[in-house]
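Please keep the picture in view while I talk.

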Amino acid sequence: MMNYLEFEKPLAEIEGKAEELRAMARSNEGMDVKAEAAALDAKAAAMLKDLYGKLTRWQKCQVARHAERPHCQEYIETLFTEYTPLAGDRNFADDHAVMGGMARFNDRPVVVIGHEKGHDTQSRIERNFGMARPEGYRKAIRLMELADKFNLPVVTLVDTPGAYPGKGAEERGQSEAIARSTQACLTIGVPLVSVIIGEGGSGGAVAFATGNRLAMLEHSIYSVISPEGCASILWKDAEKMREAAEALRLTAQDLLELGVTDRVVAEPVGGAHRDRQQAIASVGTAIAAMLGELDGLDRAALIADRRRKYLDLGNKGLAA
């Protein structure tokens, strides 16, 4: 069954009625409901297009967090071949919130790294809901250094509410691990392209997304803090998250205007969860285009390109 968001309740009612008619027809062969069901389908399609054509920033946050959006593992299984996962940070443990390894993309050897949230209760707990601990970032550093050593492009898939803020993570150097992962992104001499496929939360996302090129799915978000966290700090009230989302300007469209992201990847009408394969294929096209833009650049040029990109942030769109 479709998991409807709060603002999709009118749509859920119409689609539910259409499905009820079809269920009645299946149990009664003499009943012809094709015309009525088709009319409801047309009404639902028009409503879906209208709803997703005017989403507020808070509604985009809800879509970005939708439990049925395709996650990192599904992107890797679909877009990459010969994927060989590499585990552990060679220091403490293997963080299952971060997955990565060697693979082929369009028959080109690459290193792929991403946050994995999980798809059901058991896997979400195992993956810590995509919130990486220090060993996850240290695993990412190890993989980026491996890519640098063997001259392999790096592809990162970002989908995290943020780094895990637990006591143990802080004791093991969470902030240092995030800083060193960000530093590794900036200093490796191979192409690094990133895609925000859902949530890009705080330093936990920056540590993977500081690349030569950054793409965002149409209904993804990327922000220094969650709307709820921002509301709690500014207004002492997490229920002010709608106002916080508007102030944060965290949508893909906002960040394209501000020059933070380089491209917005279109999603199927109704979000990536309504047509997972189409969404994944669109991300694959974007990754191929971004890698193509970096072909032919040597080590020094790639590092200079990345440095220039991040030194220039803040020069565009802030007066709007």
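G173 lies in the loop between α7, residues 167-171, and α8, where helices (H or I, at least four residues) and strands (E, at least two) are DSSP runs numbered from the N terminus. This is a predicted model, in which local features need pLDDT of at least 70 and side-chain atom pairs count only at pLDDT 80 or more, while totals for chains, interfaces and linings use all residues. Residues are numbered from 1 along each chain as its sequence is written, and side-chain values use heavy atoms, with hydrogens and water left out.

Leaving aside residues up to four places away in sequence, G173 touches P134 and R138, contact meaning heavy atoms within 4.5 Å. From G173 to A231 there are 58 residues in sequence and 27 Å in space, C-alpha to C-alpha.

Let us turn to the helix pairs. Two packed helices are described by the angle between their axes and the distance between the axes. Axes here are lines fitted to C-alpha atoms, for helices over the stretch in contact, and angles run from 0 to 180 degrees between N-to-C directions.

How do α6 and α8 pack? Helix α6 (residues 134-149) and helix α8 (residues 174-187) pack at an angle of about 20°, and their axes are 8 Å apart. That makes α6 roughly parallel to α8, since angles under 35 degrees count as roughly parallel, over 145 as roughly antiparallel, 65 to 115 as roughly perpendicular and the rest as oblique. On the α6 side, the residues that meet α8 are P134, Y137, R138, A140, I141 and M144, and the residues of this contact divide into nine nonpolar, two polar and three charged. For these classes, Ala, Val, Leu, Ile, Met, Phe, Trp, Tyr, Cys and Pro count as nonpolar, Asp, Glu, Lys and Arg as charged, and the others, Gly among them, as polar.

Helix α3 (residues 57-64) packs with helix α11 (residues 241-248) at an angle of about 95°, with the axes 8 Å apart, and the two are therefore roughly perpendicular to each other. Here R57, W58 and C61 in α3 meet M241, R242, A245 and E246 in α11, a contact with four nonpolar, no polar and three charged residues.

The axes of helix α4 (residues 72-79) and helix α13 (residues 276-294) come within 10 Å and cross at roughly 70°, which makes α4 roughly perpendicular to α13.

On a 1 Å grid over the protein atoms alone, a cavity is a set of points where a 1.4 Å probe fits but cannot get out, and a pocket is an open set with protein on both sides within 12 Å along at least five of seven lines; lining residues have an atom within 4 Å of a point. Grid points are joined across faces, edges and corners, and a volume is the space filled by probe spheres set on the points.

The largest pocket has a volume of about 270 Å³, and of its 15 lining residues, V206, Y222, V224, L255 and V260 lie nearest its centre. That lining divides into 11 nonpolar, three polar and one charged.

How many cavities of 30 Å³ or more does a search of the whole structure find? The search finds one, and the largest cavity has a volume of about 70 Å³. β5 gives the most to its lining, with three residues.
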